[in-house]
Amino acid sequence: MSTPRPAIRSYEILEGTGAVGGQSIRCLVCRHTSHNANDVHHRYCAHCALFHDEFTHLAVWLLRHGGDSDEFAAGLKPEVRDYLRQCLRR
Ligand SMILES: [Zn+2]
């Protein structure tokens with residue numbers, strides 16, 4: 001059996017809701033939805049100042065190295081850190 005991948009998602013893509021019927025991105029951390037094509041492309045939340053790929057990497061790193069690290073997460077906004085902790089507890 002392979003190692004189960006944790007279900008860590010900090011965004012979802014909404015089809016047909018963006019500019020000219022394109023995609024939008026909703027941040028699951030702050031619930032902000034952006035219709036900006038650049039945000040969608042880069043998987044970025046301006047509200048959280050967060051690249052979602054970065055978030056996923058951070059979460060995986062923390063899981064591998066055993067739990068929480070305040071030092072490592074120090075650059076993150078509090079709400080981002082809280083969401084990350086929630087993900088790690090699941
Ligand atoms: Zn956000």
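## Helix α2 and what covers it

The buried residues of α2 (52–64) are covered by elements that include β1 (11–14), β4, β5 (50–51) and α3. This is a predicted model, in which local features need pLDDT of at least 70 and side-chain atom pairs count only at pLDDT 80 or more, while totals for chains, interfaces and linings use all residues. Residues are numbered from 1 along each chain as its sequence is written.

Which residues of α2 are buried? They are H52, F55, L58 and A59. A residue is buried if 20 or more other C-beta atoms lie within 10 Å of its own, exposed if 12 or fewer, and partly exposed in between; C-beta atoms are placed from the backbone. Seen down the axis of α2, the buried residues fall within an arc of 115 degrees, so they line one face of the helix. The arc is taken from the directions from the helix axis to the C-beta atoms. An α-helix has 3.6 residues a turn, so residues three or four places apart point the same way. On the other side of α2, H57, W61 and R64 are exposed.

The length of α2 agrees with expectation, because its 13 residues should span 18 Å at 1.5 Å a residue and its end C-alpha atoms are 18 Å apart. The expected span is 1.5 Å times one less than the number of residues.

## Overall layout

The protein chain has 3 helices and 5 strands. From the N terminus on, the order is β-β-β-α-β-β-α-α. Helices (H or I, at least four residues) and strands (E, at least two) are DSSP runs, numbered from the N terminus.

Of the 90 residues in the protein chain, 21% are buried. Two residues are in contact if their C-beta atoms, placed from the backbone, lie within 7 Å. Among contacts between residues at least 6 apart in sequence, 30% join residues at least 24 apart.

## The nonpolar core

A nonpolar core is a set of buried Ala, Val, Leu, Ile, Met, Phe, Trp, Tyr and Cys residues joined through C-beta atoms within 7 Å. The largest one here has 16 residues. V29, C45, C48, A59, V80 and L84 have the most contacts inside it. Two or more residues each come from β2 (24–27), β4 (44–45), α2 and α3 (78–89). The largest share, 4 residues, comes from α3.

What does V80 touch, leaving aside its neighbours within four places in sequence? V80 is in contact with V29, C48 and L50.

## The sheet

Strands β1, β2 and β3 form an open sheet in the order β1-β2-β3, with antiparallel pairing. β1 and β3 stand at the edges with a single partner strand each, so one side of each has no neighbour in the sheet. Two strands pair if DSSP finds at least two bridges between them. For β2 and β3, the count is 2 bridges. R26 stands opposite T33 in β3.

## Positive phi and a helix end

Most residues other than glycine have a negative phi. R31 has a positive phi of about 70 degrees. R31 lies in the loop between β2 and β3 (33–34). It counts as exposed because it has 8 C-beta neighbours inside 10 Å.

R43 also has a positive phi, about 55 degrees. R43 sits in the loop between α1 and β4. R43 is partly exposed, with 18 other C-beta atoms within 10 Å.

H42 belongs to helix α1 (residues 37–42). H42 is partly exposed, with 13 other C-beta atoms within 10 Å. H42 and D53 are 11 residues apart in sequence and 8.7 Å apart in space, C-alpha to C-alpha.
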